[in-house]
Amino acid sequence: MLLSLAAPVAILVLSGLVLGPKLTLIALVTTSGLICTFLLLIHLWCTQQLPQKQKGAFGFFHPFANGGGGGERVLWCAVAAVQAVAPESTVIIFSGDGLSAQQLLESAASNFNITVTDRFQVIQLHNRHLLLPERYPRFTLLGQALGSFRLGHEALKTSVPEIFVDTTGWAFTYPLARLAGCKVVAYTHYPMVSANMLQRVMLRTSTYNNQLAVAKSGIRSLIKVVYYYVVAAIYGAAGGFANVSIVNSTWTAGHIRQLWWKWKAPTVVFPPCNTLTLQQLPIDRKLKRLYLVSVAQFRPEKNHQLQLEAFARARQAALQDPDSAESAVLAAQLKLVGSCRGPDDQSRLTQLQSYSQALGLHDCVEFCINVPFDELTSLLAGAVGGVHTMLDEHFGISIVEYMAAGVVPIVHDSGGPRADIVKPERMRHGWQTTGYLCTTEEQYADAITEVLCMDQQDRLKIAAAARQRAAKFSDQQFEQDFVKAIQPLL
């Protein structure tokens, strides 16, 4: 919790220098008293204004329940786990998709090949737009935090479950849920603020969440650093209200330990991956055309642009010596598979399609949008390599799916992929690499070339080791570990 305490400690030190230790102590005691009084008043207001708590009910807070991403896979596997261990319990899903329980059930089966019973009810959230980052061009994190608090209030105003399960990471709902009398289970995919984010702002590095105008300005960068520390303090306090904190990777666990005001370390429960189905695919590819696959939602942080640039670079290098073994690169395709959550993602997809044309990739890059699980399985069955370019990916379900399907992963050397997934595996002949970790466009291009031109036997060795490692991240393992983590509340 050291990172989130930086701002309060700085304020205390500054107060001590300006006011002196005695007045600072008085101010600290007074502020603590006011905060406790405020929380007590909120608790009393909740008991008066909100519905009576439903004993034995689980409420899953997931505004984008039909999103089609890894977070939604966590939601539906968690629902299946609760239905299995507590069949008599009422299961509620707080969703803003406007879909019925039957429609969500069918979507989960189509997108993820997950079967849950229809013994759950859906409570519609009408203010989901409050979470969208485009609503807040400035102070986005704070705007989304306040929006999530309001959306949490909308959910609890309709129904107060005994156990409030957040599978999205909106920590600002936890204080309200806890004060309303719920036991709070938090499954965090990605910290709201991290040391990595602070470092990039301090180094004035331009990224998707640090605009170039801010990165170029020393004053703006300083203001943003202060802003991040303030948000970290509030986020840490909100996270402290969770009764059970679960995270999806050791990378996320390290950051949550730095942030949340809790002494107990979070429990790592790796996300569910449909490794069982994908492991049935033949590992020896019978190829009609050599291709790479990329599976990721069309969101800015996924950095599809880097994939296109690296593929173009690999092709350019192969063009310089078309008679070499690298001619396989010129014959290969890159298939970008992903879902669009709304107009912004659709606009981003259109930009990527235009950029692909500008790079001269129009005949060797294919965009596959919102494909069902069966089609995704077919695409993975024929791919030799899988590309993933997100910096600080918290886990990477699609990477595990690559590995389970026998697809050699080419992924970013950071976050969960480096810490948990693409690690050497012990095989009969010794330790075997399970994929490629890259950072720069050049490294990605080299890895793409190597995978596409690799001898079949060498590829099979990597693919077999990758598949063996992927078995550690199955749906069944997730359900067991998730139930174990929430057992104290059952």
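Me: What is the bridge partner of I246 in β7?

Reply: The partner is T267. This is a predicted model, in which local features need pLDDT of at least 70 and side-chain atom pairs count only at pLDDT 80 or more, while totals for chains, interfaces and linings use all residues. Residues are numbered from 1 along each chain as its sequence is written, and side-chain values use heavy atoms, with hydrogens and water left out.

Me: What makes β6 and β7 a pair?

Reply: Two strands pair if DSSP finds at least two bridges between them. β6 (residues 244-247) and β7 (residues 267-268) are joined by two bridges, so the pair qualifies. The two strands run parallel. Strands here are DSSP runs of E with at least two residues, and helices are runs of H or I with at least four; both are numbered from the N terminus.

Me: How many bridges join β5 to β6?

Reply: Four, and these strands also run parallel.

Me: Which residues of β6 point which way?

Reply: V244 and I246 point one way, S245 and V247 the other. All four are buried. Buried means under 20% relative accessible area, exposed means over 50%, and partly exposed lies in between (1.4 Å probe, protein chains only).

Me: Which elements make the right-handed β-α-β unit?

Reply: β6, helix α10 (residues 250-259) and β7. The crossover is called right-handed because, with the strands pointing away from the viewer, the path from the first strand over the helix to the second runs clockwise.

Me: Is H189 buried or exposed, and how do you know?

Reply: Buried: its relative accessibility is 11%, and the label needs under 20%. H189 sits in the loop between β5 (183-188) and α7 (195-202). Contact means heavy atoms within 4.5 Å. Leaving aside neighbours within four places in sequence, H189 is in contact with G71, V74, T167, T168, N248, T252 and H394.

Me: Why is R285 called buried?

Reply: R285 has a relative accessible area of 6%, so the label holds. R285 lies in the loop between α11 (275-278) and β8 (291-295). R285 and G406 are 121 residues apart in sequence, yet 9.0 Å apart in space, C-alpha to C-alpha.

Me: Why do R299 and E301 count as a salt bridge?

Reply: A salt bridge needs a side-chain nitrogen of Lys or Arg within 4 Å of a carboxyl oxygen of Asp or Glu. R299 and E301 meet at 2.6 Å, N to O, so the pair passes. R299 is buried at 18% relative accessible area. E301 is buried at 15%.

Me: What separates D345 and R348 along their helix?

Reply: About one helical turn, because they are three residues apart in α14 (residues 343-358). D345 and R348 form a salt bridge, with the closest N and O atoms 2.7 Å apart. D345 is buried at 3%, whereas R348 is partly exposed at 22%.

Me: How do you know that D413 and R418 qualify?

Reply: Their N to O distance is 3.8 Å, and the limit is 4 Å, so they qualify. D413 is partly exposed at 25%. R418 is partly exposed at 44%.

Me: How many salt bridges are there by this rule?

Reply: Eleven. E425, R469 and K472 are linked in a network of salt bridges.
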